[in-house]
Amino acid sequence: MTSSDTAVRNSEVVRRVYDEVLNEGRLEILDELAAPDHVEHNPFPQQSQGVEGLKQRASMVRAAFNPRFTIEHLIAGGDKVAVIWSNNGTHVGEWFGFAPTGKAVVTRGVDVHLLRDG
């Protein structure tokens with residue numbers, strides 16, 4: 001497999017996280033895509049590590065903001081995929097002690113994903 005093939009495959013994996021997990025709420029997809037020993041370098045308070053931690057994180061964001069993530073830019077090289085994303089949602093659930101406001105929320109961020117073994 002060429003490095004170009006690897007970059008395309010890794011990009012597809014990462015896109016599935018944003019589309020299927022974060023936007024659609026299909027947390028079970030993480031069992032297929034994430035390594036059991038996944039490390040979250042910036043975990044939320046009380047967030048576990050590993051696949052269960054990823055599920056917790058996605059559940060918390062979805063419950064609080066009813067998000068719609070858009071990948072603005074995706075750059076893949078080797079075993080890394082960088083994503084610049086935006087998230088449009090509504091504050092519909094509690095977020096770390098803040099009661100829902102019903103207001104529109106727009107956030108932007110950058111994530112760098114390290115993929116192992118596909």
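Q46 is exposed, because its relative accessibility is 77% and the cut-off for exposed is over 50%. This is a predicted model. Q46 sits in the loop between α2 and α3. Its phi is near 65 degrees, a positive value in a residue other than glycine. Most residues other than glycine have a negative phi.

P43 belongs to the loop between α2 and α3. P43 is partly exposed, at a relative accessible area of 37%.

What is the state of F44, buried or exposed? F44 is buried, since its relative accessible area is 16% and the limit for buried is under 20%. R57 lies over the face of the F44 ring, 3.9 Å from the ring centre.

The structure holds 6 aromatic pairs. One of them joins F44 to W95. The ring centres are 5.3 Å apart and the planes stand at 90 degrees, so this pair is edge-to-face. Planes over 60 degrees apart count as edge-to-face. F44 is in the loop between α2 (29–33) and α3 (50–65), while W95 is in the loop between β2 (80–90) and β3 (104–114). The pair therefore ties together parts that are 51 residues apart in sequence.

F44 also pairs with F96. Here the centres are 5.6 Å apart and the planes meet at 75 degrees, so this pair is edge-to-face too. F44 comes from the loop between α2 and α3, and F96 from the loop between β2 and β3, so the pair ties together parts 52 residues apart in sequence. Which residues form the aromatic cluster? F44, F65, W95 and F96 make up one cluster.

## The β2–β3 loop

F96 lies in the loop between β2 and β3. Phi of F96 is near 50 degrees, a positive value in a residue other than glycine. F96 counts as partly exposed, with 38% relative accessibility.

K103 is found in the loop between β2 and β3. K103 is exposed, because its relative accessibility is 56% and the cut-off is over 50%. The C-alpha atoms of K103 and Y18 are separated by 22 Å. Along the chain, K103 and Y18 are 85 residues apart.

## K55 in helix α3

Helix α3 holds K55. K55 is buried, because its relative accessible area is 15% and buried means under 20%. K55 and L22 are 33 residues apart along the chain. Their C-alpha atoms are separated by 9.7 Å.

## The largest pocket

How much space lies in the largest pocket? The volume is about 1300 Å³. Its lining counts 38 residues. Nearest the pocket centre are H38, E40, L54, V112 and H113.

The elements that give two or more residues to this lining are α1 (3–23), α2, α3, β2 and β3. The largest share comes from β3, with 7 residues. By class, the lining has 24 nonpolar residues, 7 polar residues and 7 charged residues.

## The largest nonpolar core

The largest nonpolar core has 20 residues. Which of them touch the most other members? They are V14, Y18, F69 and V83.

The elements that give two or more residues to this core are α1, α2, α3, β1 (68–77) and β2. Helix α1 gives the most, with 6 residues.

Technical notes:
Residues numbered from 1 in each chain as written. Predicted model: local features only at pLDDT ≥ 70, side-chain atom pairs only at ≥ 80, totals over all residues. Heavy atoms only, no water. Phe/Tyr/Trp six-rings, centres within 6.5 Å; stacked < 30°, edge-to-face > 60°. Helix = DSSP H or I, 4+ residues; strand = E, 2+ residues; numbered from the N terminus. Buried < 20%, exposed > 50% of the residue type's maximum accessible area, 1.4 Å probe, protein only. Lys NZ or Arg CZ within 6 Å of the ring centre and 35° of its normal. 1 Å grid on protein atoms, 1.4 Å probe; cavity = no way out; pocket = protein on both sides within 12 Å on 5 of 7 lines; lining within 4 Å. Points joined across faces, edges and corners; volume = space filled by probe spheres on them. Nonpolar A, V, L, I, M, F, W, Y, C, P; charged D, E, K, R; others polar. Core = buried A, V, L, I, M, F, W, Y, C linked by side-chain atoms within 4.5 Å.
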